[in-house]
Amino acid sequence: MPRRPDDHPVEITTVAARPDLAGADVDAGPWPEFMRHNRVSEAYFWQTLETFPTTCLVATTADGKVVGDAHAVQLSARPELPTGGWEQAVVWAFADARRGIKPDVACALNISVARDFQGQGLAGRLLAALRDAAADLGFDCLDAPVRPTSKHVEPQTPMTAYAHRVREDGLPFDPWLRTHVRAGGELAGVAPASWVIVGSLAEWRRWTGLPFDRSGSVEVPGALVPVRCDVEGDCATYVEPNVWVRHRL
Ligand SMILES: CC(C)(COP(=O)(O)OP(=O)(O)OC[C@H]1O[C@@H](n2cnc3c(N)ncnc32)[C@H](O)[C@@H]1OP(=O)(O)O)[C@@H](O)C(=O)NCCC(=O)NCCS
(Lines give C-alpha, C1' and ligand atoms only; values in the text may rest on other atoms or scores of the structure.)
Protein backbone atom coordinates (compact mmCIF):
# COMPACT_ATOMS: atom_id res chain seq x y z
CA MET A 1 0.00 0.00 0.00
CA PRO A 2 1.45 3.42 -0.88
CA ARG A 3 2.53 5.45 2.13
CA ARG A 4 0.76 8.69 2.83
CA PRO A 5 3.03 11.74 3.10
CA ASP A 6 2.05 12.34 6.74
CA ASP A 7 2.99 8.76 7.70
CA HIS A 8 6.63 9.71 7.33
CA PRO A 9 7.34 13.44 7.41
CA VAL A 10 10.38 14.10 5.27
CA GLU A 11 13.03 16.75 5.91
CA ILE A 12 15.19 18.17 3.11
CA THR A 13 18.67 19.52 3.85
CA THR A 14 21.76 20.43 1.86
CA VAL A 15 24.75 18.11 1.91
CA ALA A 16 26.72 21.12 3.19
CA ALA A 17 24.52 21.03 6.32
CA ARG A 18 24.51 17.21 6.61
CA PRO A 19 27.86 15.96 5.20
CA ASP A 20 27.32 12.71 7.12
CA LEU A 21 24.51 11.85 4.67
CA ALA A 22 26.53 12.49 1.50
CA GLY A 23 26.42 9.57 -0.89
CA ALA A 24 23.72 7.58 0.94
CA ASP A 25 22.01 5.18 -1.45
CA VAL A 26 18.51 5.99 -2.75
CA ASP A 27 16.75 3.02 -4.32
CA ALA A 28 14.74 4.81 -7.00
CA GLY A 29 14.44 1.68 -9.17
CA PRO A 30 16.72 0.40 -11.90
CA TRP A 31 18.00 2.49 -14.82
CA PRO A 32 18.33 0.70 -18.16
CA GLU A 33 21.85 -0.81 -18.19
CA PHE A 34 23.01 1.19 -21.24
CA MET A 35 22.33 4.45 -19.35
CA ARG A 36 25.17 3.61 -16.95
CA HIS A 37 27.84 4.00 -19.65
CA ASN A 38 28.06 7.77 -20.14
CA ARG A 39 31.70 8.80 -19.95
CA VAL A 40 31.16 12.39 -18.80
CA SER A 41 29.02 11.12 -15.94
CA GLU A 42 31.62 8.49 -15.02
CA ALA A 43 34.31 11.16 -14.87
CA TYR A 44 32.43 13.82 -12.93
CA PHE A 45 29.19 12.79 -11.28
CA TRP A 46 30.80 11.23 -8.18
CA GLN A 47 32.62 14.52 -7.51
CA THR A 48 29.44 16.62 -7.42
CA LEU A 49 28.70 16.24 -3.70
CA GLU A 50 32.21 17.23 -2.68
CA THR A 51 32.54 20.16 -5.09
CA PHE A 52 28.99 21.59 -4.86
CA PRO A 53 27.61 20.55 -1.42
CA THR A 54 25.49 23.71 -1.14
CA THR A 55 23.36 22.67 -4.14
CA CYS A 56 23.18 18.95 -3.37
CA LEU A 57 20.25 17.83 -1.21
CA VAL A 58 19.12 14.83 0.76
CA ALA A 59 15.60 14.03 1.94
CA THR A 60 15.37 12.05 5.17
CA THR A 61 12.61 10.58 7.30
CA ALA A 62 12.45 11.20 11.06
CA ASP A 63 14.28 7.91 11.67
CA GLY A 64 17.17 9.07 9.48
CA LYS A 65 16.45 7.04 6.35
CA VAL A 66 17.52 8.80 3.14
CA VAL A 67 14.54 8.63 0.75
CA GLY A 68 15.49 11.15 -1.91
CA ASP A 69 18.32 13.23 -3.24
CA ALA A 70 19.04 15.98 -5.74
CA HIS A 71 22.31 17.11 -7.28
CA ALA A 72 23.08 20.41 -9.00
CA VAL A 73 26.37 21.86 -10.20
CA GLN A 74 27.27 25.56 -10.15
CA LEU A 75 28.77 27.51 -13.04
CA SER A 76 29.09 30.93 -14.57
CA ALA A 77 26.23 31.73 -16.94
CA ARG A 78 27.02 31.41 -20.67
CA PRO A 79 25.21 33.49 -23.31
CA GLU A 80 23.16 30.47 -24.45
CA LEU A 81 21.98 27.22 -22.91
CA PRO A 82 24.25 24.64 -24.54
CA THR A 83 23.13 22.13 -27.17
CA GLY A 84 25.34 19.68 -25.27
CA GLY A 85 22.89 19.83 -22.33
CA TRP A 86 23.76 17.75 -19.24
CA GLU A 87 27.28 16.85 -20.37
CA GLN A 88 28.27 20.38 -21.38
CA ALA A 89 26.93 21.92 -18.17
CA VAL A 90 28.89 19.42 -16.07
CA VAL A 91 32.14 19.96 -17.99
CA TRP A 92 31.76 23.76 -17.74
CA ALA A 93 30.93 23.60 -14.02
CA PHE A 94 33.98 21.54 -13.08
CA ALA A 95 36.26 23.59 -15.36
CA ASP A 96 34.95 26.81 -13.73
CA ALA A 97 35.45 25.39 -10.23
CA ARG A 98 38.99 24.27 -11.05
CA ARG A 99 39.84 27.73 -12.45
CA GLY A 100 38.25 29.56 -9.51
CA ILE A 101 35.60 31.25 -11.71
CA LYS A 102 32.70 32.51 -9.61
CA PRO A 103 29.43 30.69 -10.37
CA ASP A 104 26.15 32.56 -10.84
CA VAL A 105 23.75 29.82 -11.95
CA ALA A 106 23.00 26.28 -10.83
CA CYS A 107 22.25 23.37 -13.12
CA ALA A 108 20.26 20.39 -11.82
CA LEU A 109 21.69 17.00 -12.78
CA ASN A 110 19.22 14.60 -11.22
CA ILE A 111 16.51 14.08 -8.66
CA SER A 112 15.78 10.61 -7.27
CA VAL A 113 13.03 9.48 -4.96
CA ALA A 114 13.04 6.08 -3.23
CA ARG A 115 10.50 3.66 -4.71
CA ASP A 116 8.35 3.55 -1.56
CA PHE A 117 8.09 7.33 -1.52
CA GLN A 118 7.30 7.97 -5.20
CA GLY A 119 4.02 9.51 -6.32
CA GLN A 120 3.60 11.70 -3.22
CA GLY A 121 5.08 14.95 -4.47
CA LEU A 122 8.54 14.50 -2.92
CA ALA A 123 10.26 15.21 -6.26
CA GLY A 124 8.40 18.53 -6.46
CA ARG A 125 9.55 19.37 -2.92
CA LEU A 126 13.17 18.50 -3.78
CA LEU A 127 12.92 20.73 -6.84
CA ALA A 128 11.53 23.60 -4.76
CA ALA A 129 14.36 23.09 -2.25
CA LEU A 130 16.94 23.14 -5.06
CA ARG A 131 15.49 26.45 -6.26
CA ASP A 132 15.73 27.80 -2.70
CA ALA A 133 19.33 26.58 -2.32
CA ALA A 134 20.33 28.30 -5.58
CA ALA A 135 18.48 31.49 -4.59
CA ASP A 136 20.23 31.47 -1.18
CA LEU A 137 23.55 31.59 -3.04
CA GLY A 138 22.33 34.71 -4.87
CA PHE A 139 21.98 32.91 -8.21
CA ASP A 140 19.54 34.19 -10.86
CA CYS A 141 18.59 30.81 -12.31
CA LEU A 142 18.37 27.12 -11.75
CA ASP A 143 18.56 25.41 -15.14
CA ALA A 144 17.75 21.76 -15.74
CA PRO A 145 18.42 19.51 -18.76
CA VAL A 146 15.30 17.47 -18.09
CA ARG A 147 14.94 13.81 -19.15
CA PRO A 148 11.16 13.53 -19.67
CA THR A 149 10.11 10.40 -17.82
CA SER A 150 7.51 9.16 -20.35
CA LYS A 151 9.33 9.98 -23.62
CA HIS A 152 10.72 6.43 -23.87
CA VAL A 153 7.20 5.23 -24.72
CA GLU A 154 7.38 7.06 -28.07
CA PRO A 155 11.01 7.09 -29.24
CA GLN A 156 10.12 8.15 -32.80
CA THR A 157 8.45 11.43 -31.75
CA PRO A 158 10.79 14.42 -32.17
CA MET A 159 11.71 15.79 -28.73
CA THR A 160 10.59 19.35 -29.56
CA ALA A 161 7.08 18.18 -30.48
CA TYR A 162 6.93 15.95 -27.40
CA ALA A 163 8.17 18.63 -25.00
CA HIS A 164 5.59 21.15 -26.17
CA ARG A 165 2.63 18.77 -26.05
CA VAL A 166 0.22 19.99 -23.38
CA ARG A 167 -2.83 18.64 -21.60
CA GLU A 168 -6.22 20.35 -21.56
CA ASP A 169 -5.15 22.38 -18.52
CA GLY A 170 -2.19 23.79 -20.47
CA LEU A 171 0.45 21.93 -18.45
CA PRO A 172 2.99 19.66 -20.20
CA PHE A 173 1.83 16.18 -21.14
CA ASP A 174 5.01 14.64 -19.69
CA PRO A 175 4.79 14.18 -15.90
CA TRP A 176 8.37 15.22 -15.13
CA LEU A 177 8.22 18.33 -17.33
CA ARG A 178 4.89 19.09 -15.67
CA THR A 179 6.51 18.94 -12.24
CA HIS A 180 9.19 21.41 -13.37
CA VAL A 181 6.63 23.81 -14.87
CA ARG A 182 4.43 23.60 -11.76
CA ALA A 183 7.50 24.50 -9.68
CA GLY A 184 7.92 27.66 -11.76
CA GLY A 185 10.16 26.50 -14.62
CA GLU A 186 9.82 27.54 -18.28
CA LEU A 187 10.70 25.37 -21.29
CA ALA A 188 13.82 26.94 -22.81
CA GLY A 189 14.62 24.68 -25.78
CA VAL A 190 15.90 21.22 -26.56
CA ALA A 191 19.49 20.14 -25.96
CA PRO A 192 19.84 17.71 -28.86
CA ALA A 193 23.06 16.04 -27.67
CA SER A 194 22.71 16.08 -23.89
CA TRP A 195 23.79 12.54 -22.98
CA VAL A 196 25.87 10.44 -25.37
CA ILE A 197 26.63 6.74 -25.12
CA VAL A 198 28.94 5.09 -27.63
CA GLY A 199 29.96 1.46 -27.49
CA SER A 200 31.00 -1.51 -29.58
CA LEU A 201 28.25 -3.78 -30.88
CA ALA A 202 29.32 -6.44 -28.37
CA GLU A 203 28.82 -3.91 -25.56
CA TRP A 204 25.38 -2.87 -26.84
CA ARG A 205 24.37 -6.54 -27.12
CA ARG A 206 25.45 -7.07 -23.52
CA TRP A 207 23.69 -3.93 -22.26
CA THR A 208 20.40 -4.55 -24.07
CA GLY A 209 20.14 -8.23 -25.08
CA LEU A 210 19.31 -7.03 -28.63
CA PRO A 211 21.12 -8.42 -31.73
CA PHE A 212 22.60 -5.16 -33.12
CA ASP A 213 23.27 -7.02 -36.39
CA ARG A 214 21.94 -4.50 -38.93
CA SER A 215 23.05 -0.94 -39.60
CA GLY A 216 20.41 1.73 -38.96
CA SER A 217 18.04 2.74 -36.25
CA VAL A 218 17.39 0.45 -33.26
CA GLU A 219 14.66 0.99 -30.69
CA VAL A 220 16.00 0.12 -27.24
CA PRO A 221 13.68 -0.15 -24.22
CA GLY A 222 14.17 2.87 -21.97
CA ALA A 223 15.83 5.01 -24.67
CA LEU A 224 14.18 8.33 -25.51
CA VAL A 225 15.22 8.15 -29.19
CA PRO A 226 16.52 5.27 -31.36
CA VAL A 227 20.14 4.15 -31.14
CA ARG A 228 22.19 4.34 -34.40
CA CYS A 229 23.89 1.06 -35.23
CA ASP A 230 26.92 0.95 -37.58
CA VAL A 231 27.82 -2.66 -38.35
CA GLU A 232 30.82 -1.80 -40.55
CA GLY A 233 32.27 0.47 -37.87
CA ASP A 234 31.41 -2.04 -35.10
CA CYS A 235 29.82 0.63 -32.93
CA ALA A 236 26.46 2.05 -31.96
CA THR A 237 25.68 5.53 -30.72
CA TYR A 238 22.90 6.89 -28.55
CA VAL A 239 22.53 10.67 -28.54
CA GLU A 240 19.88 11.57 -25.99
CA PRO A 241 18.08 14.89 -26.32
CA ASN A 242 16.93 16.54 -23.10
CA VAL A 243 14.71 19.55 -22.54
CA TRP A 244 16.14 22.70 -21.06
CA VAL A 245 13.94 24.09 -18.32
CA ARG A 246 14.88 27.44 -16.81
CA HIS A 247 13.76 28.31 -13.29
CA ARG A 248 14.19 32.06 -12.81
CA LEU A 249 14.74 32.77 -9.13
C1 LIG B 1 10.92 10.89 -11.51
C2 LIG B 1 10.85 10.88 -9.97
C3 LIG B 1 11.97 11.76 -9.42
C4 LIG B 1 9.47 11.44 -9.58
O5 LIG B 1 9.42 11.44 -8.17
P6 LIG B 1 8.03 11.48 -7.36
O7 LIG B 1 8.29 12.01 -6.00
O8 LIG B 1 7.37 10.18 -7.50
O9 LIG B 1 7.25 12.55 -8.23
P10 LIG B 1 5.98 13.36 -7.79
O11 LIG B 1 5.18 12.56 -6.77
O12 LIG B 1 6.40 14.75 -7.45
O13 LIG B 1 5.17 13.32 -9.13
C14 LIG B 1 5.57 14.09 -10.22
C15 LIG B 1 4.64 13.82 -11.38
O16 LIG B 1 5.04 12.58 -11.97
C17 LIG B 1 3.93 11.67 -11.97
N18 LIG B 1 4.51 10.36 -11.72
C19 LIG B 1 5.13 9.95 -10.61
N20 LIG B 1 5.57 8.71 -10.80
C21 LIG B 1 5.21 8.34 -12.06
C22 LIG B 1 5.40 7.18 -12.85
N23 LIG B 1 6.04 6.12 -12.39
N24 LIG B 1 4.91 7.18 -14.11
C25 LIG B 1 4.27 8.24 -14.61
N26 LIG B 1 4.07 9.38 -13.90
C27 LIG B 1 4.53 9.40 -12.65
C28 LIG B 1 3.01 12.14 -10.89
O29 LIG B 1 1.70 11.74 -11.15
C30 LIG B 1 3.20 13.65 -10.96
O31 LIG B 1 2.45 14.22 -11.99
P32 LIG B 1 0.99 14.85 -11.66
O33 LIG B 1 1.01 15.28 -10.23
O34 LIG B 1 0.86 15.98 -12.59
O35 LIG B 1 0.07 13.72 -11.94
C36 LIG B 1 10.96 9.45 -9.40
O37 LIG B 1 10.01 8.62 -10.04
C38 LIG B 1 12.35 8.84 -9.58
O39 LIG B 1 13.21 8.99 -8.72
N40 LIG B 1 12.57 8.16 -10.72
C41 LIG B 1 13.86 7.57 -11.02
C42 LIG B 1 14.90 8.63 -11.32
C43 LIG B 1 14.46 9.63 -12.40
O44 LIG B 1 13.93 9.25 -13.45
N45 LIG B 1 14.67 10.93 -12.13
C46 LIG B 1 14.27 11.98 -13.06
C47 LIG B 1 15.31 12.25 -14.09
S48 LIG B 1 16.82 12.78 -13.33
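Phe 212 is buried, with 24 other C-beta atoms within 10 Å; a residue counts as buried if 20 or more other C-beta atoms lie within 10 Å of its own, exposed if 12 or fewer, and partly exposed in between, with C-beta atoms placed from the backbone. This is a predicted model, in which local features need pLDDT of at least 70, side-chain atom pairs count only at pLDDT 80 or more, and totals for chains, interfaces and linings use all residues. Residues are numbered from 1 along each chain as its sequence is written. Here is a friendly tour, starting with the backbone around Phe 212.

**Positive phi angles**

- Phe 212 sits in the loop between helix H7 (201–208) and strand S7 (216–218); helices (H or I, at least four residues) and strands (E, at least two) are DSSP runs, numbered from the N terminus.
- Although Phe 212 is not a glycine, its phi is positive, about 45°.
- Most residues other than glycine have a negative phi.
- Asp 234 is also not a glycine and has a positive phi of about 50°.
- The loop between strand S8 (227–230) and S9 holds Asp 234, which counts as partly exposed because it has 13 C-beta neighbours inside 10 Å.

**Overall fold**

- The protein chain contains 7 helices and 9 strands.
- Its radius of gyration is 18 Å, close to the 18 Å that the globule rule gives for 249 residues, so the chain is as compact as a globular protein of that length; the radius is taken over C-alpha atoms, and the rule is 2.2 Å times the number of residues to the power 0.38.
- The C-alpha trace spans about 55 × 50 × 40 Å along its principal axes.
- Of the 249 residues in the protein chain, 36% are buried.
- Among contacts with a separation of 6 or more, 73% are between residues 24 or more positions apart; two residues are in contact if their C-beta atoms, placed from the backbone, lie within 7 Å.

**Ligand shell**

- The ligand is surrounded by 19 residues, and the closest are Ala 28, Asn 110, Gln 118, Ala 123 and Pro 175; a residue is near a molecule or strand if its C-beta atom, placed from the backbone, lies within 6 Å of it.
- Strand S4 (105–113), helix H4 (122–136) and helix H6 (175–182) each contribute at least two residues to this shell.
- The shell has 7 nonpolar, 10 polar and 2 charged residues; Ala, Val, Leu, Ile, Met, Phe, Trp, Tyr, Cys and Pro count as nonpolar, Asp, Glu, Lys and Arg as charged, and the others, Gly among them, as polar.

**Helix H3 and its cover**

- Helix H3 (residues 85–99) has 15 residues that should span 21 Å at 1.5 Å a residue, and its end C-alpha atoms are 21 Å apart, which agrees; the expected span is 1.5 Å times one less than the number of residues.
- Buried residues of H3 include Trp 86, Ala 89, Val 90 and Trp 92.
- Among the elements covering the buried residues of H3 are helix H1 (39–44), strand S3 (66–75), strand S5 (141–146), strand S6 (185–200) and strand S9 (235–248).
- Gly 100 follows H3 and has a positive phi, near 75°.

**Nonpolar cores**

- In the largest nonpolar core, of 47 residues, those touching the most other members are Leu 57, Ala 72, Val 73, Cys 107, Ala 108, Leu 126 and Leu 130; such a core is a set of buried Ala, Val, Leu, Ile, Met, Phe, Trp, Tyr and Cys residues joined through C-beta atoms within 7 Å.
- A second, separate core has 11 residues, including Trp 204, Trp 207, Phe 212 and Ala 236.
- Not counting residues up to four places away in sequence, the contacts of Val 73 include Ala 89, Val 90 and Ala 93.

- Leu 142 lies in strand S5 and counts as buried, with 27 C-beta neighbours inside 10 Å.
- The C-alpha atoms of Leu 142 and Ala 106 are separated by 4.8 Å, although these residues are 36 residues apart along the chain.
- Ala 191, found in strand S6, is buried, with 24 other C-beta atoms within 10 Å.
- Leaving aside residues up to four places away in sequence, Ala 191 touches Pro 82, Pro 145 and Trp 244, among others.
- Glu 168 is found in the loop between helix H5 (159–164) and H6 and is exposed, with 5 other C-beta atoms within 10 Å.
- Glu 168 and Thr 60 are 108 residues apart in sequence and 35 Å apart in space, C-alpha to C-alpha.
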